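Reader: I have a protein model open and would like to go through it with you. Could we begin with its pockets?

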Amino acid sequence: MLLVDSHCHLDRLSYGDKQSDMASVLAKAKAQEVGYFLCVSVTQQQFPSMLQAIAPYPQVFASCGVHPLNQEPGVDVDLLRRQAADPRVVAIGETGLDYYYSPENKTVQQESFRQHIRVARELGKPLIIHTRDAQVDTLRIMAEEGADQVGGVLHCFTESLEMAEAAMAMGFYISISGIATFRNAKALQEVVRALPLERLLVETDAPYLAPVPHRGKENEPAFVRDVAQFVADLKEVTLTELADVTSRNFFALFSLAKP
């Protein structure tokens, strides 16, 4: 059995406080049969140090992009293009729209999102999309900018089945995080039950959103096993089956990531 944590922020864990170092975090994950990781960038300024931190670990892949909630000082498109050309980078993002926390700068978020999709199309790399309370605009911009030409994933998915189906029709995958394990996530759990296995990924979004039974702790990639087990139970398959299909999905989507 092999699990992939399809979305984590390894450079943002509390090293020297809650975690000793990145090597130990990855070793703990390996002990839980988590073999590969996608370390996701959220700012252009942080990207070089993130890339340097993961450099010793060939099992860790990278993305580059600007999170919709990190729009200061804005997206440098030329820099994004140069950063995205690095061979360790297998995806563009995370990008997208978040109207829950930052509805006041919708226009800025939308332009940033469009720029990411255009760079992804130029370089032929898939997208990692964050969307919250912005279903209509997210799908509209994906369609208008031709996101279906590169595909990608809606990560940490919490939206409706209808949105998931629209994204899947554009060639996108749906990634499930520890949020699905929360007691108040009954609606999301029903969505997960309805989604096809061949379009699912699992993630931690570490260091955020630790799943049950780790609520209150800093999230880490080892905990993707708990997410996967929960999803497997919802889908009425074994953990091994869920791990196998989500790992295959990961490497099919992020084709530049070589196991």
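Author: The largest pocket in this predicted model has a volume of about 560 Å³. On a 1 Å grid over the protein atoms alone, a pocket is an open set of points with protein on both sides within 12 Å along at least five of seven lines, and lining residues have an atom within 4 Å of a point. A volume is the space filled by probe spheres set on the points, which are joined across faces, edges and corners; the probe is 1.4 Å.

Reader: Which residues are the closest to the centre of the largest pocket?

Author: Of the 19 lining residues, the closest to the centre are Y101, H130, R132, D205 and L209. Two or more residues come from each of β4 (89–98) and β5 (127–132), and β5 gives the most, with 3 residues. Strands are DSSP runs of E with at least two residues, helices are runs of H or I with at least four, and both are numbered from the N terminus.

Reader: How does the lining divide into nonpolar, polar and charged?

Author: The lining has 7 nonpolar, 7 polar and 5 charged residues. Here Ala, Val, Leu, Ile, Met, Phe, Trp, Tyr, Cys and Pro count as nonpolar, Asp, Glu, Lys and Arg as charged, and the others, Gly among them, as polar.

Reader: On to helices. At what angle do α7 and α8 cross?

Author: The axes of α7 (residues 186–194) and α8 (residues 224–235) cross at roughly 70° and come within 8 Å. Axes are lines fitted to C-alpha atoms, for helices over the stretch in contact, with angles from 0 to 180 degrees between N-to-C directions. The two helices are therefore roughly perpendicular, a term for 65 to 115 degrees.

Reader: Which residues meet there?

Author: From α7, Q189, V192, R193 and A194 meet F230, V231, L234 and K235 of α8, where contact means heavy atoms within 4.5 Å. These residues divide into 5 nonpolar, 1 polar and 2 charged.

Reader: And what about α4 and α5?

Author: The axes of α4 (residues 106–123) and α5 (residues 135–144) come within 10 Å and cross at roughly 35°. Q110, F113, R114 and I117 of α4 make the contact with α5, whose residues there include D137 and R140.

Reader: Where is A85 found?

Author: A85 is in the loop between α3 (77–84) and β4. Leaving aside neighbours within four places in sequence, A85 is in contact with L123 and K125.

Reader: How should I read these numbers?

Author: Residues are numbered from 1 along each chain as its sequence is written, and side-chain values use heavy atoms, with hydrogens and water left out. Local features need pLDDT of at least 70 and side-chain atom pairs count only at pLDDT 80 or more, while totals for chains, interfaces and linings use all residues.

Methods: Angles under 35 degrees count as roughly parallel, over 145 as roughly antiparallel, 65 to 115 as roughly perpendicular and the rest as oblique.
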